[in-house]
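User: Hello! I would like to learn how to read side-chain features in a protein model. Could you walk me through a few?

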Amino acid sequence: MKMQRRAVGSVVLTAAALTAAVGAAAAVPAPGKASTSVPPGKGAASVSQGKVTDNLYMSLGAFEDAVSGEDPKVKAMIDRADIGGVQVVAPWKALEGKKGEYKWSRLDSALKYLQERHKKLFVQVQDRFFDVAMKDANLPQYVKDEGGVAPTIDENPDNPTTHGAMAAQWNNKVRADFQAMLKAMAKKFDGKLAGVNLPETAVDVDTKTDRTKYTSKSYIDAEIDNMRYGKKVFTKTQFIQYVNFLPDDDDHKRMKEMFDLARDKKIGIGGPDTLPDRKYQMENSYKFLHEYKGALPLVAMAVQEPDIAAKDPKTGKPFTRERFTDFAHDYLGARQLFWTTEADWLQKPAA
């Protein structure tokens, strides 16, 4: 199966839907918006679905440009009363230089800026990059030097074929280094950040040129292991895994495994795109998000640049803000939406 995914940007994938603040699982449902669905699986505890909170997402660099004044338009968006927080995409390289030497100053600065404005900070730790040469992947140099980078290819029919790269998480050594970074990050920020997430699962490794011994099974096993580990080290900050498509999982047994784990271990689930009624998504993660609605501690979705340009299959016109929000909340059970700063409603004054 070809995974239907889109590439965004030349440096990082801003797949940004993220989790709620600490304690969000106890949020009071908005009137008329409580979930009534019964989640699959024995003994699944019902989780109230409160109203959707609107947030921004952007790369860490774009956030820094905004708060420095270089992008006053986005800076003004951050300060809007109807914006609850910001999700920044932080590539692994931005958090670790030499092996074991972690760099937190940029996240410290972002956290301070937002806390002073009573906003939440969410961080997506990025280990995969689309539309970028392998040598330019935003990964620590030692990971590259040790052969820990795999080539990827995106053959999404909605976009031209692009090539990228990702950390070879199925390599035990690479994954151990990545998890060591997550542990150090948790020691520094657990309970201070509103949420931390790992990026989307849709990856097509270019097996014709790969030298990392990738297999779809080892890849999914590694994603699940990182999912478990992230939840283990982040005990106060909500930990989330983005799930959209999985390679060689046509029967969706592995995806169900991930959703069962999320339910049982109280791991949040998110996704890089909100595309109401889009066929490929409805047949994959959206189906599970709907089935597990009310059973997960948090569902959070992003609305990215390609999403706002996509056509609503019901109308043939671009999706409206209300359509995005209603679908995310009512069908997927989302309580957090992370919006591209290109969304039309953000170009207007807050109501």
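Predicted model: local features only at pLDDT ≥ 70, side-chain atom pairs only at ≥ 80, totals over all residues.

User: How many aromatic pairs does the structure hold?

Analyst: The structure holds 17 aromatic pairs. One of them joins Tyr214 and Tyr219, with 6.3 Å centre to centre and 50° between the planes, so the pair counts as tilted rather than stacked, a word kept for planes under 30 degrees apart. Tyr214 and Tyr219 are both buried.

User: Which pair is stacked?

Analyst: Phe234 and Phe239 make a stacked pair, with 15° between the planes and ring centres 6.0 Å apart. Both Phe234 and Phe239 are buried.

User: Which residues form one aromatic cluster?

Analyst: Phe319, Phe324, Trp339 and Trp345 do; together they make up one cluster.

User: Where does Arg117 lie?

Analyst: Here we look for a charged group over the face of a ring. Arg117 lies over the face of Tyr113, 3.6 Å from the ring centre. Lys188 has its charged end over the ring of Phe189, at 5.9 Å from the centre.

User: Is Glu223 buried or exposed?

Analyst: Buried means under 20% relative accessible area. Glu223 has 3% relative accessibility, so Glu223 counts as buried. You can find Glu223 in helix α7, which spans residues 216-233.

User: Which residues does Glu223 touch?

Analyst: Leaving out residues up to four places away in sequence, Glu223 touches Arg128, Gln169, Thr201, Gln241 and Met258.

Methods. Residues numbered from 1 in each chain as written. Heavy atoms only, no water. Phe/Tyr/Trp six-rings, centres within 6.5 Å; stacked < 30°, edge-to-face > 60°. Buried < 20%, exposed > 50% of the residue type's maximum accessible area, 1.4 Å probe, protein only. Lys NZ or Arg CZ within 6 Å of the ring centre and 35° of its normal. Helix = DSSP H or I, 4+ residues; strand = E, 2+ residues; numbered from the N terminus. Contact = heavy atoms within 4.5 Å.
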